[in-house]
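Here's a quick briefing to read alongside the sequence and the 3D view. Have both open and follow along.

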Amino acid sequence: MSKLSTSWQSVIWTELSKQYFKDIKYFLAWEAKTWKTIYPDTKNIFNALNTTDFDKIKVVILGQDPYHWKWQAHGLSFSVPEWVKIPPSLRNIYKEIWVERDSWNLTAWAQQWVLLLNAILTVEAWKPASHTKIWWWQFTDDIIQQISEKREWVVFLLWWAFAQQKKELIDSDKHLILTAPHPSPFSAYKWFFWCWHFTQVNTYLKDRWESEIEW
């Protein structure tokens with residue numbers, strides 16, 4: 001498992017020493033020994049955290065778990081590397097933004113301090129939601145709580161029922177919480193389209209003299 005950046009180690013170091021986190025590492029090591037394919041690659045498990053510094057976060061986009069097809073997952077929620085065919089949910093995200101892109105890699109967002117965090121950080125190949133019970137949720141819940149407690153004026157985009165359960169971890173007096181259905185083809189027309197979240201994010205940032213996100 002890749003190391004966390006110094007920015008994050010100082011915030012969640014207590015979680016790294018807890019038994020549940022040791023159990024996660026043991027589980028992943030066992031899966032590797034039994035020749036199971038896990039996504040994303042080990043070096044990218046903490047890609048979202050290592051790309052977006054804790055003290056600079058402007059926006060959090062919470063996904064569920066990594067893509068489970070080969071080459072897709074690289075540690076950023078909803079994002080895929082440049083050479084990979086765009087997944088339907090990501091295509092719908094860009095339909096909502098009303099822009100065309102040549103690349104579907106969202107690293108540029110992460111570098112503008114958009115934390116692209118999955119609630120579950122790993123998955124077994126071709127088995128969606130296969131790691132939902134191995135305590136990642138406890139780790140990412142702590143991340144959300146730490147952001148809520150120690151930062152101000154962060155926008156949380158919660159686009160599906162599971163993500164919206166995390167509202168109770170966020171102080172709505174300090175932060176902006178925006179909810180909508182998931183951008184998948186099964187639910188995007190239930191008001192993910194025309195939710196105007198990306199416009200609302202930039203309006204909120206602009207009102208607080210923060211630079212807007214170039215979506």
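Strand E5 (residues 155–158) and E6 run parallel, joined by four bridges. One thing to keep in mind as you go: this is a predicted model.

- Zooming out, you get an open sheet of four strands, ordered E3-E2-E5-E6, with parallel pairing.
- Strand E3 (114–118) and strand E6 (176–179) are the edge strands, and each pairs on one side only.
- From one strand to the next, the twist averages 20°.

**Helices on the sheet**
- Helix H6 (residues 136–150) packs on the sheet and touches strand E2 (59–63), E3 and E5.
- The direction of H6 makes about 155° with that of E3.
- Helix H8 (residues 197–207) also packs on the sheet, where its contacts are E2, E5 and E6.
- For H8, the angle with the direction of E6 is about 170°.

**A glutamate to look at**
- Glu15 sits in helix H1 (residues 6–16).
- Is Glu15 buried or exposed? Its relative accessible area is 4%, so Glu15 counts as buried, the cut-off being under 20%.
- Leaving aside residues up to four places away in sequence, Glu15 touches Tyr20, Phe21, Gln138, Phe139 and Asp142.

**Largest pocket**
- The largest pocket comes out at about 560 Å³.
- Its lining has 27 residues, and those nearest the centre are Asp65, Pro66, Tyr67, Ser89 and His182.
- By class, that lining splits into 14 nonpolar, twelve polar and one charged.

**Second largest pocket**
- The second largest pocket has a volume of about 430 Å³.
- It is lined by 22 residues, with Ile38, Tyr39, Pro40, Asp41 and Thr42 closest to its centre.
- Helix H2 (19–33) and strand E1 (38–39) are the elements that give two or more residues to this lining.
- H2 gives the most, with four residues.

**The cavity**
- How many cavities of 30 Å³ or more does the structure hold? There's one, and the largest cavity has a volume of about 30 Å³.
- Lining the largest cavity are Ile45, Pro66, Gly75, Leu76, Asn118 and Leu121.
- That lining has four nonpolar and two polar residues, with no charged ones.

Terms used
Residues are numbered from 1 along each chain as its sequence is written. This is a predicted model: local features need pLDDT of at least 70, side-chain atom pairs count only at pLDDT 80 or more; totals for chains, interfaces and linings use all residues. Side-chain values use heavy atoms; hydrogens and water are left out. On a 1 Å grid over the protein atoms alone, a cavity is a set of points where a 1.4 Å probe fits but cannot get out, and a pocket is an open set with protein on both sides within 12 Å along at least five of seven lines; lining residues have an atom within 4 Å of a point. Grid points are joined across faces, edges and corners, and a volume is the space filled by probe spheres set on the points. Ala, Val, Leu, Ile, Met, Phe, Trp, Tyr, Cys and Pro count as nonpolar, Asp, Glu, Lys and Arg as charged, and the others, Gly among them, as polar. Two strands pair if DSSP finds at least two bridges between them. Axes are lines fitted to C-alpha atoms, for helices over the stretch in contact, and angles run from 0 to 180 degrees between N-to-C directions. Contact means heavy atoms within 4.5 Å. Buried means under 20% relative accessible area, exposed over 50%, partly exposed in between (1.4 Å probe, protein chains only).
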